[in-house]
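Please look over the model below before reading these notes.

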Amino acid sequence: MMDAGMILSGCKEKVIPGIKKALCVLTLSAAGLLIFGEYGAAEVSAAGNNPGFEGRVQDDAGLLTPDEEEKLEKKCSKVSEQHNTGVYIITTPDFGGGDIQLWQSRIFAEYGLGTDFSGSGVMFAVSIAESDWGLAGFGSALEAFTTYGREQLGEAVLDDLSAGEFYDAFDTYVSMADDYLAAAERGDPYTADHPYVKSMPMPVIIGGSFLLSFFVSAVILASWKNSMNTRVSKDGASEYMKEDSFRLYNSTDHFLYNNVTRTKKETSKKSEENRSSGRSNRERRSGRSGTSGKF
């Protein structure tokens, strides 16, 4: 019969190597998860699905210089505080495909954007992989960023996006967002019935004022010059004819042309207004509105 010491010794020889092997496997598995986890996270970040949002401008695609990003950050912060609505810009190498507006909604929710402004915010996003852009409004910003307003803003920045002038495009977006929010605060947001007119730059205003002044001065000088001319010309040949020297014996009327005027039916306008109203109601219920396209 084997004594207790022999049994214990045999167990150690069999069990301890098994424990060591198990510990080794667990260690390698943990290391593998750590390595591949970091690699996977890097892939997600590279795909633009996890931007790590900081501040109001997140340039993951590297489209801006540090100076440009700082300027936009300050401008976005100023407009946000002034109108109590978060104004955001985000760029990504690739948002992952699908609908960029849905991706914007997920980013807005996951990172708690707009929480300082009762959930109100607007976000302009650019994805380089497929040349996508998206403009999404949230919360009370829906009143300012109507369907008409979003389409006008998209048209305003499209040329700069296509030309790679991303700073100019984003700067235009923030300026128009400022105008849109101000109009909504006045109770008169931009729509087809209240079209948006972009304010002119100061150099254009100064140049226009100079040309207008020059034109007015020229008109005044011409008027003074004509008032000094004592000769008066006759307006027509009849002024030079002798009285009763002309007699008309026959006259006829000839049909030359006609004008046709067509008036668009009002029903089509009402139909378009109903469709626009339907879209607005759906957007209010969802708490989000958006417009997207390619550049």
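1. Helices here are DSSP runs of H or I with at least four residues, strands are E runs of at least two, and both are numbered from the N terminus.

2. The model is predicted: local features need pLDDT of at least 70 and side-chain atom pairs 80 or more, while totals for chains, interfaces and linings use all residues. Residues are numbered from 1 along each chain, and side-chain values use heavy atoms, without hydrogens and water.

3. Among the buried residues of α5 are Phe166, Phe170, Tyr173, Ala177 and Tyr180; buried means under 20% relative accessible area, with a 1.4 Å probe and protein chains only. Their cover includes α2 (66-83) and α4 (147-162), along with β2, β3 and β4. Contact means heavy atoms within 4.5 Å.

4. After α5 comes glycine 187, with a positive phi near 80 degrees.

5. Which residue of strand β5 (residues 288-294) is considered here? Serine 289 is found in that strand. Serine 289 is buried, its relative accessible area being 2%. The side chain of serine 289 makes a polar contact with the side chain of arginine 150, at 3.2 Å. A polar contact is a pair of N or O atoms within 3.5 Å; within protein, one must be able to donate a hydrogen and the other to accept it, and residues adjacent in sequence count only if both atoms are side-chain atoms.

How values were computed. Buried means under 20% relative accessible area, exposed over 50%, partly exposed in between (1.4 Å probe, protein chains only).
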